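Open the model in your viewer and keep the sequence panel at hand.

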Amino acid sequence: MASASHLLSQDVLPIGAGYLILMAVLAAGLLLVRRDAIKARRAAKASDDQATRQEAARSAGAKAAPAAGVGTAVDTGQKPDARAAEKPATAVTDAVEPGSGGKRPGLIARQFRPGWPRFCAQIFSVALGGYVLLMIVDIIYYYGVAKVAGQFIDSAVSGGALLIGITLPLFAAASWVEVRWRNRSR
Amino acid sequence: MGDHPVIGYVIWAVLIGAVFAWEGLALSHISGTVPTLSDAFRAINRYPAGRWALFALWLWLGWHIFIRGWHFLLRG
């Protein structure tokens with residue numbers, strides 16, 4: 001019975017928990033990908049509809065203009081400019097930076113100016129958020145699921161911090177070299 | 001195989017194999033609708049909570065592989 005309990009706590013639960021976490025993350029990714037595809041289809045359809053409406057309005061205007069003497073402005077052609085003028089600040093702060101692969105900076109990183117300060121803020125905020133999240137999961141796992149032997153919590157806190165302490169400077173150095181390399185090759 | 005039963009390793013092998021099979025299916029474009037792991041991770045990376053979750057997973061993996069049960073070389 002003891003070996004069955006050992007098997008459950010040391011093999012089945014970690015495998016099950018790891019599998020569920022990985023699959024949940026992947027499922028979230030798949031949902032997001034599917035949602036993006038639906039959004040893109042809707043946007044394309046809306047764009048087609050707008051183009052059709054504009055074309056119809058243009059042809060109607062062309063027919064009406066000779067009769068009225070003055071052409072009427074097409075309403076849909078003026079709206080985007082007005083909308084752009086309404087939100088200049090967010091356009092600057094939320095802008096996708098070149099070379100970012102389409103990713104936008106996070107809420108914290110957006111408070112910093114573009115370049116190295118924003119990059120560092122982004123990296124530190126992600127590292128801190130991930131570290132805190134892992135610690136929360138570890139503590140819930142330890143006190144709620146299985147009391148794993150071997151100073152589990154101490155190892156999680158110090159081990160995670162050690163990994164971050166080793167990898168972040170290396171990542172920063174690699175990024176600096178990559179940027180220097182890219183600037184030189186221009 | 002250490003202290004663990006073989007079935008545990010078999011399950012891990014099947015799960016990891018399933019991930020590779022998924023990626024192969026997505027890259028082969030046979031179905032046309034299966035996104036690759038890169039697509040999924042890219043979508044997750046757009047959101048702060050997703051980035052935290054992925055970083056936490058990466059940290060968890062590194063902690064298990066390199067830190068837990070690791071002993072310094074030549075330590076008694």
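What is the mean pLDDT of chain A, and what share of its residues reach 70 or more? The mean for chain A is 75, and 69% of its residues reach 70 or more.

**Stop 1: chain A as a whole**

Select chain A. Its 186 residues include 8% that are buried. You will find five helices here and zero strands, giving the pattern α-α-α-α-α along the sequence. Among contacts in chain A with a separation of 6 or more, 24% link residues 24 or more positions apart.

**Stop 2: a stretch to read with care**

Now select residues 69-93 of chain A, where pLDDT stays under 50. The model has 13 contacts beyond four places in sequence for this stretch. Helix H3 of chain A (residues 88-93) has the lowest mean pLDDT among the elements of chain A, at 45. Where pLDDT is low, the predicted coordinates should not be read in detail.

**Stop 3: helix H4 of chain A**

Move on to residues 116-144 of chain A, which form helix H4, the element of chain A with the highest mean pLDDT, 90. From its first C-alpha to its last, this helix of 29 residues reaches 41 Å, close to the 42 Å expected at 1.5 Å a residue. Which residues of H4(A) are buried? They are Gln122(A), Ala127(A), Gly130(A), Tyr131(A), Leu134(A) and Asp138(A). Show helix H5 (152-185) of chain A and H3 of chain B as well, as both are included in what covers these buried residues.

**Stop 4: across to chain B**

Select chain B, which has 76 residues, 16% of them buried. Its secondary structure consists of three helices and zero strands, in the order α-α-α from the N terminus.

Next, highlight where the chains meet: 29 residues of chain B are in contact with 30 residues of chain A. On the chain B side, helix H1 (6-28), helix H2 (37-45) and helix H3 (48-67) each give two or more residues. H3(B) gives the most, with 14 residues. By class, this side of chain B has 20 nonpolar, five polar and four charged residues.

**Stop 5: helix H3 of chain B**

Stay with H3(B) and look along its length. Its end C-alpha atoms are 26 Å apart, which agrees with the 28 Å that its 20 residues should span at 1.5 Å a residue. The buried residues in H3(B) are Arg51(B), Trp52(B), Ala53(B), Phe55(B), Ala56(B), Leu59(B), Trp60(B) and Trp63(B).

**Stop 6: where H2(B) meets H3(B)**

H2(B) and H3(B) pack at an angle of about 125 degrees, with their axes 6 Å apart. That angle makes H2(B) oblique to H3(B). Phe41(B), Ile44(B) and Asn45(B) of H2(B) make the contact with Gly50(B), Arg51(B) and Leu54(B) of H3(B). These contact residues divide into three nonpolar, two polar and one charged.

**Stop 7: a glycine in chain A**

Is Gly29(A) buried or exposed? Gly29(A) is buried, because 23 other C-beta atoms lie within 10 Å. Which residues is Gly29(A) in contact with, leaving aside its neighbours within four places in sequence? Select Ala40(B), Phe41(B), Ala43(B) and Ile44(B) to see them.

Definitions and conventions
Residues are numbered from 1 along each chain as its sequence is written. Chains are lettered from A and ligands numbered from 1 in the order in which they are written. This is a predicted model: local features need pLDDT of at least 70, side-chain atom pairs count only at pLDDT 80 or more; totals for chains, interfaces and linings use all residues. Helices (H or I, at least four residues) and strands (E, at least two) are DSSP runs, numbered from the N terminus. A residue is buried if 20 or more other C-beta atoms lie within 10 Å of its own, exposed if 12 or fewer, and partly exposed in between; C-beta atoms are placed from the backbone. Two residues are in contact if their C-beta atoms, placed from the backbone, lie within 7 Å. Ala, Val, Leu, Ile, Met, Phe, Trp, Tyr, Cys and Pro count as nonpolar, Asp, Glu, Lys and Arg as charged, and the others, Gly among them, as polar. The expected span of a helix is 1.5 Å times one less than its number of residues. pLDDT is the predictor's confidence in each residue, from 0 to 100. Axes are lines fitted to C-alpha atoms, for helices over the stretch in contact, and angles run from 0 to 180 degrees between N-to-C directions. Angles under 35 degrees count as roughly parallel, over 145 as roughly antiparallel, 65 to 115 as roughly perpendicular and the rest as oblique.
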